[in-house]
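Look at the structure below and follow it step by step.

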Amino acid sequence: MVVQQRAYPQDELASRLRLIQELSGLGVRALARDTGLSSSSLSRYLSGQTVPPWPAVLELCRLVKRDPRPLRPLWERANNPLPAPPKTSRQIAPPSPPADAPPPPRNDLPRDVPDFTGREQALADVLAAVASDRVVAIDGMAGVGKTSLAVHAAHQLTDRYPDAQLYLDLHGFTDGRQPLDPDGAIRALLAALQVPSEKVPQEGGVELRAAVWRSELARVRAVVVLDNVADAAQVSHLLPGAGESVAIITSRNRLLELDEVPPVTLDVLTAEESAELLARASGDARTGRLAKEPDQTAEVLRLCGNLPLALRLAAARLRHRPGWSIGILVERMAEGASEFDTAFGMSVRQLNRDQRRLFRLLGLIPGSTFTDYVAAAVADVPLRTARTMLEDLLDAHLVQQPAEGRYRLHDLVRQHARQATVEHDTPADRDRALHRILDFYVHAAAAADAAMPFLSPTRAVSAGSPPAELPHFPGRDAAFFWYVTEYTNLMSVFYAAVEAGAHTHVCELPRFMRTFFARRCGTTHLNALFEQSLSAAQTLDDPRQLAEAHSDLGFARYNAGRMTEAAAAYAAAAPLIAEAGDPLPRAELTMRCAQLRWDEGNIEEPLELFRQARDLYTTSGCPASAADAIASEAWAMLQLGHRPEAAQLAREALAIPTENPSLQAQITLGVAIAAEEPEEALSHLNTALTLAREDGHKHNEAWCLNCQGIALREMGRPQAALASHQAAFTLLDDLFEPHWKIHFLNSYAQTSHQADLPTQALTLYRETLTLAPQLGHRFEEAMAHQGIAEVLAPTDATAAAEHRAAAESLLAEITPST
């Protein structure tokens, strides 16, 4: 009778993995390379010496495009010992081990967390790193669950490393206790492996004892958890050498010097994981109540920052206080410093004095993220020093880096930092630090504004003192990108300046953002900012700041279609600016008044104001702005039907040497010569459209498209013209600023009429008649009446005559006789 030996699952799994290798057609080294596994580990998996972690099985199956699910039951059986034979009815006590039998395996692992929640990917990464490299370093801020993950993973590895499961706390961050030195750690680990003392060299350096540790570890299959490591030097001698044993390291710092050890960085739990952990840790009796109070529960999660430590502390309070509602817990947590600060305090105490000071001051930064420049400014240290300290804080997980070059503090960490600065820094120190932040942002915004000039050059900054170092803006694109990334921070800084009574900063920061707002943010928010600026200027009682605040608010009102309020603001600014005698603010106000008066329907006065602005800009040494003033006069002449004069002025503006040709001059010239010189006209218009798009100015892009439609109509190409008009209106719809359509409706209607679309033309003209009186655009209103008269003339002479009379009446009011 032949007894068939039972196959072990581990051997059967190895056999199946060898079939996968045959399917791949690769040798061990090539297979290891393509799967990201180490060749030594892969050899053990294929020979059955070691059960691979499940992620390694997944990688092998993925390589040959095979479904791994049929292997899962076999893998699970391989990770568990064969079942013991059934006991007989007679219970026999197990025999005592022989006197010379080896001691039972050492297991020092702490108890696995019973409510271990989430972390599926992190756990898979740890197991995969152990399988491929035999060592892994878990890093993350205090309280994020590093030890729980390490211990949980080690418990899962027990069957694969049955000879010993060791745990050693190196006390790298234990308050009031010195970290365990490498020599003491080695002695403790050798003792855990029950190595006789006579085998441990008592003389010589730590290197000799480290060699013995590696030698003894190579003899067994052990998993070693080295918890709470301060730095790479503390743990470098403790890592496994030859053999199969593995080590799991935890630290609040990234152990960058251990470049051969793969890191697994642990972040806070997701919202779903946090809710699950809070429910599990609070006990079964609480689960239903948490579900019934989702808003309060969500607030607990927010206050805990999704940190496992803080969540367990909160859950413990609920579990041990059955009379508390979730609302009471929220109230107690929101009261201020509590046990939730414990984890952060431990992390902060590892820092040196300068690092602790920087950490505290970072809590004063108003924005959600910050750069190394901001850190240098708030701490008043050189940029290089700030970068070094930020790296230290990053490694300590007190600072997060959501993107390259940008940093942030978790809400709980920020709260701790702000509390710490109240405790350790004087009110004067905190005030100076905040003003250094405000100074940085105003001066940085001014530098960015100078790199993307609009209608006038950037004025000098008078708020605060310039920081030692500012970001470099080599061109418009870099400046615009800075504004985009810093926008929410700039808003936070502005309102922080309002709250702090930093009136000069409140006056000047929006002024240096006008160009960006014109390209990105519309007009509503800019009006609100300049309202605050005017209030700050009135408090300052500075005539220059007050004059410019009135003028800036008027410009914001004008761009929002609030013509009457714009006129009032300009009127308030005029005497103050005239008294100051500075030609540049006067030139800017003159240009703004000319644009407003033209839109109101005045003719002679705006033309004269454009000329005055040109002269003032020339006196101020601003050729680009002077060219824009000439181009604005050319545009007005074009609207009055004086095409040759308009073309001549536009060419004069384009002849002025500037970095970029005047957009308005390009457009005016393109429309003025469209009928006579279509190719040159389209060249100018295409150049203008390209400039607008490169500049990111959607309003100007819409204006270019609309004028392109006018020119195409003049060339006798109505269908192409309609397409350009429609593209312009699509842009305006995207901007949610319908008042801008007043500049384009009449020309779109005229093109529709020429394209034999009378109904569409009438609809557009009537939309103008609705919008123009609301905005005070009398010239556009007159043109709409005139357009309707032309459309109705063939079919309704009476109505056409009425509209023609209305147009003539309006034009008589706004156009003086010459």
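Start with Ile603, which sits in the loop that joins helix 28 (583–599) to helix 29 (604–619). The model is a predicted one. Is Ile603 buried or exposed? Its relative accessibility is 5%, so Ile603 counts as buried, because the cut-off for buried is under 20%. Ile603 can also be located relative to Ala636: the two lie 33 residues apart along the chain, and their C-alpha atoms are separated by 8.2 Å.

The crossing of helix 26 past helix 28 is left-handed. Which residues make the contact? Helix 26 contributes Glu548, Ser551, Asp552, Phe555 and Tyr558, while helix 28 contributes Pro585, Leu589, Arg592, Gln595, Leu596 and Asp599. Sorted by type, the residues of this contact are 5 nonpolar, 2 polar and 4 charged.

Most residues other than glycine have a negative phi. Arg119 has a positive phi, near 65 degrees, and is not a glycine. Arg119 lies in the loop between strand 1 (106–107) and helix 6 (120–133). With a relative accessibility of 10%, Arg119 counts as buried. His171 is another residue other than glycine with a positive phi, here near 55 degrees. The loop that holds His171 runs between strand 3 (164–169) and helix 8 (182–192). His171 is buried, with a relative accessible area of 14%.

The last step is the interior. In soluble globular proteins, nonpolar side chains tend to be buried together. Here the largest nonpolar core has 116 residues, and Ile248, Leu362 and Phe370 have the most contacts inside it. Helix 21 (residues 427–450) supplies the largest share of this core, with 11 residues. What does Phe370 touch, leaving aside residues up to four places away in sequence? Its contacts include Leu362, Ile365, Ala375, Leu390 and Val399. Arg406, Tyr407 and Arg408 are also among the residues that Phe370 touches. Apart from this core lies another, of 80 residues, including Ala594, Trp598, Ala665 and Leu762.

Notes:
Residues numbered from 1 in each chain as written. Predicted model: local features only at pLDDT ≥ 70, side-chain atom pairs only at ≥ 80, totals over all residues. Heavy atoms only, no water. Helix = DSSP H or I, 4+ residues; strand = E, 2+ residues; numbered from the N terminus. Buried < 20%, exposed > 50% of the residue type's maximum accessible area, 1.4 Å probe, protein only. Left-handed = near helix turned anticlockwise from the far one by under 90°. Contact = heavy atoms within 4.5 Å. Nonpolar A, V, L, I, M, F, W, Y, C, P; charged D, E, K, R; others polar. Core = buried A, V, L, I, M, F, W, Y, C linked by side-chain atoms within 4.5 Å.
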